[in-house]
Amino acid sequence: MDYNNFFKSKLDNLKDEGLYRTFREIDRHQNLFPKALEYNEGHNREVEIWCSNDYLNMSQHPEVMQTCIDVISELGTGSGGTRNISGTSSYHVGLEKCLAELHNKDRALVFPSAYTANQSTISILCKNIDDIEIFSDELNHASLIEGIRNSGAKYHIFKHNNIDDLEKKLNDCDIEKPKLIVCESIYSMEGIRSPLKEIVRLAKKYNSLTYLDEVHSVGLYGPSGSGIAAELGIDRDIDIINGTLSKSFGQMGGYIAANADLIDYIRSFAPGFIFTSSINPSVAAASIKSIEISKVAETLRLKIRENSSIIREGLRSVNIPFIDNESHIVPILVKGPLECKQISKLLLDDFGIYIQPVFYPTVPKGEERLRVTITPKHSKADIDNFISCINEAWNILNFERAESKNLNSRA
Ligand SMILES: Cc1ncc(COP(=O)(O)O)c(C=O)c1O
């Protein structure tokens with residue numbers, strides 16, 4: 001076999017379909033955010049970021065940075081091993097306590113990322129429960145899908161946020177069989193919430209376990225930023241809550257929170273937890289500090305709500321189509337991967353506005369978008385400038401204008 005030819009032809013196909021990804025080099029200097037420096041062929045210039053998941057800008061919070069520096073001075077950089085073999089520091093243990101408390105659960109378990117947390121937990125959970133059947137929302141994140149597929153268990157995909165379809169599928173399954181429902185609390189590419197209370201009601205009715213990905217809600221929603229399950233008062237009803245340290249908390253790593261036996265079970269059996277080095281102690285310590293600060297960051301959360309309303313109003317006023325929701329995520333619909341790349345490039349090159357285009361496989365084909373994320377650091381002047389730039393770019397490219405879209409109707 002001509003291996004190189006194989007790789008090259010696969011890449012050529014990807015390029016022909018407009019699905020090839022290019023990474024822009026963006027240095028987010030502290031104190032500048034949402035401004036940053038873009039490096040391009042030896043030059044650098046100031047741009048403004050509109051697609052960061054550092055939702056509360058905790059990665060550049062002075063106290064969080066100082067904590068990280070202090071712990072590096074104290075313990076060095078790496079953790080030195082897996083959790084079992086010299087890689088558990090007092091900061092790892094402290095972080096797990098802090099996360100368990102945040103989610104009102106007995107215990108938590110930290111992984112190198114929320115991706116591995118999802119993938120490893122679901123796969124080992126379902127691999128070992130005979131005859132379990134999994135019920136998964138059709139827009140679930142790749143990490144959840146990987147976990148489900150790797151488990152080898154039988155799975156059913158229910159229509160996005162569609163309770164009737166979920167119930168029909170649960171009802172078709174033998175009531176005696178073990179079950180797991182897997183969903184997210186806010187879908188990251190649409191900013192729309194799942195009908196969580198209804199899902200919990202069905203889980204009880206059909207005797208199913210529940211697995212909830214709160215990656216895009218922790219830090220931002222619920223009491224002290226503890227997530228949407230907590231906001232709805234059903235955190236104790238969800239069996240496993242998953243979250244990340246890399247978005248609102250501005251660090252690196254992911255976790256699950258659940259009852260003591262379940263956590264001990266995953267800790268003892270999940271290869272994706274056992275056979276990998278633990279996160280750096282400095283990252284664990286910075287995460288604790290970041291969570292402490294986020295818990296009392298009501299002003300920042302309020303500012304995000306205000307900013308997202310202003311940006312939605314601005315887009316509405318110039319008839320640029322977006323998915324309407326009440327979250328910090330504003331998906332602007334640009335159908336077609338090439339068109340999406342084109343406007344993203346124009347915005348960056350001519351207006352200094354950085355939003356990465358999002359296309360397949362991150363979103364279904366035909367649903368390409370610019371996923372705008374709003375932070376408390378974006379000012380009213382930044383938002384006004386953003387609306388004016390995108391409006392002009394829309395004119396230059398002669399894109400169709402339309403009203404916003406309420407995707408809840410998809411259900
Ligand atoms: C819904 C969802 N779950 C999990 C992850 C993985 O998070 P992490 O970056 O911590 O691996 C992501 C990443 O963007 C996500 O969007």
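The model is predicted, so local features are given only where pLDDT is at least 70 and side-chain atom pairs only at pLDDT 80 or more, while totals for chains, interfaces and linings use all residues. Residues are numbered from 1 along each chain as its sequence is written, and side-chain values use heavy atoms, with hydrogens and water left out. Helices (H or I, at least four residues) and strands (E, at least two) are DSSP runs, numbered from the N terminus.

**Ligand site**

- The ligand is surrounded by 15 residues, a residue being near if one of its heavy atoms lies within 4 Å; the closest are Ala114, Asp213, His216, Thr244 and Lys247.
- Polar contacts are pairs of N or O atoms within 3.5 Å; among them, an N or O atom in the side chain of histidine 216 is 2.6 Å from a ligand oxygen atom, and a backbone N or O atom of alanine 114 lies 2.9 Å from an oxygen atom of the ligand.
- A polar side-chain atom of serine 246 is placed 3.4 Å from a ligand oxygen atom.
- Of the 390 Å² of accessible area that the ligand has on its own, the protein covers 84%, with areas taken from the Shrake-Rupley method and a 1.4 Å probe.
- Helix H4 supplies the largest share of the shell around the ligand, three residues.

**Helix H5**

- Within H5 (residues 142–151), the residues Ser143, Leu144, Gly147, Ile148 and Ser151 are buried, that is, under 20% relative accessible area, whereas exposed means over 50% and partly exposed lies in between (1.4 Å probe, protein chains only).

**Backbone geometry**

- Most residues other than glycine have a negative phi, and most peptide bonds are trans.
- The peptide bond from phenylalanine 33 to proline 34 is cis, with omega near 10°, and proline 34 sits in the loop between strand E1 (25–27) and strand E2 (35–40).
- A cis peptide bond, with omega near 5°, also links tyrosine 360 to proline 361, which belongs to the loop between strand E15 (357–358) and strand E16 (369–373).
- Aspartate 131, in the loop between H4 and E5, has a positive phi near 65° and is exposed at 57% relative accessibility.

Note on methods: A polar contact is a pair of N or O atoms within 3.5 Å; within protein, one must be able to donate a hydrogen and the other to accept it, and residues adjacent in sequence count only if both atoms are side-chain atoms.
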